[in-house]
Amino acid sequence: RRVKTRKEEKPFSTEKLHYNESKDCFYCPTGQLMHRIGERRKRSENNYERLLVQYQAQNCEECSINGVCHNQKSNRIIEVSHIGNYLRKKAKDKLESETGIYYRKKRCADVEPVFANVKHNKNFKRFLLRGIEKVTVEIGLVTMAHNLSKWATISA
């Protein structure tokens with residue numbers, strides 16, 4: 001059984017609109033052309049800058065699904081990060097490939113028990129130090145302790 005995500009619950013979301021790459025335009029759910037009107041740069045909290053391209057529909061007032069498709073007062077405007085969409089698609093294709101499925105299945109047996117052991121058996125639930133350098137040293141000590149205890153059990 002698949003769990004519904006937020007994107008599936010919104011039938012008029014930007015991700016579900018058709019994009020025509022050759023004309024650089026989107027089509028709204030009723031087939032109306034959404035032209036490119038500009039672009040802007042946006043910075044995230046971790047200082048990552050991305051380019052958002054803006055597209056606007058031309059005539060939402062006379063549309064049959066006006067008010068259902070969007071809740072803006074004028075014509076619908078969407079912002080799209082083409083680079084972000086490309087990277088998401090690339091990651092999704094990698095995860096859904098045969099190799100990706102193989103490694104995802106292995107993750108439960110390879111990685112998760114390590115975290116469980118460190119958190120539960122070693123009682124390491126939070127860092128004591130602050131700052132990237134100190135946290136790096138602290139996690140290094142924790143992983144060395146984990147690897148030494150594994151090595152001691154194997155060689156004994």
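Biologist: In this predicted model, which residue stands opposite Glu79 in E5?

Modeller: Gln54 stands opposite Glu79 in strand E5. Strand E4, residues 49–57, pairs with E5 in the antiparallel sense.

Biologist: What makes E1 and E5 edge strands?

Modeller: Five strands form an open sheet in the order E1-E2-E3-E4-E5, with antiparallel pairing. Strand E1 (18–20) and strand E5 (77–80) each pair on one side only. From one strand to the next, the twist averages 35°.

Biologist: How do you know that the span of helix H5 agrees with expectation?

Modeller: Helix H5 covers residues 132–155, which is 24 residues. At 1.5 Å a residue the helix should span 34 Å, and because its end C-alpha atoms are 34 Å apart, the two values agree.

Biologist: Why are Glu138, Val142 and His146 of H5 called buried?

Modeller: Buried means under 20% relative accessible area. Glu138, Val142 and His146 are buried, so each of them lies under that 20% limit. The buried residues of H5 pack against helix H4 (112–121).

Biologist: What lines the second largest pocket?

Modeller: Its lining includes Val114, Phe115 and Val118, as well as Ile139, Val142 and His146. Helices H4 and H5 each supply at least two residues of this lining. About 170 Å³ of space lies in the second largest pocket.

Conventions:
Residues numbered from 1 in each chain as written. Predicted model: local features only at pLDDT ≥ 70, side-chain atom pairs only at ≥ 80, totals over all residues. Heavy atoms only, no water. Helix = DSSP H or I, 4+ residues; strand = E, 2+ residues; numbered from the N terminus. Expected span 1.5 Å × (residues − 1). Buried < 20%, exposed > 50% of the residue type's maximum accessible area, 1.4 Å probe, protein only. Contact = heavy atoms within 4.5 Å. Pairing = 2+ DSSP bridges. Axes fitted to C-alpha atoms, helices over the stretch in contact; angles between N-to-C directions. 1 Å grid on protein atoms, 1.4 Å probe; cavity = no way out; pocket = protein on both sides within 12 Å on 5 of 7 lines; lining within 4 Å. Points joined across faces, edges and corners; volume = space filled by probe spheres on them.
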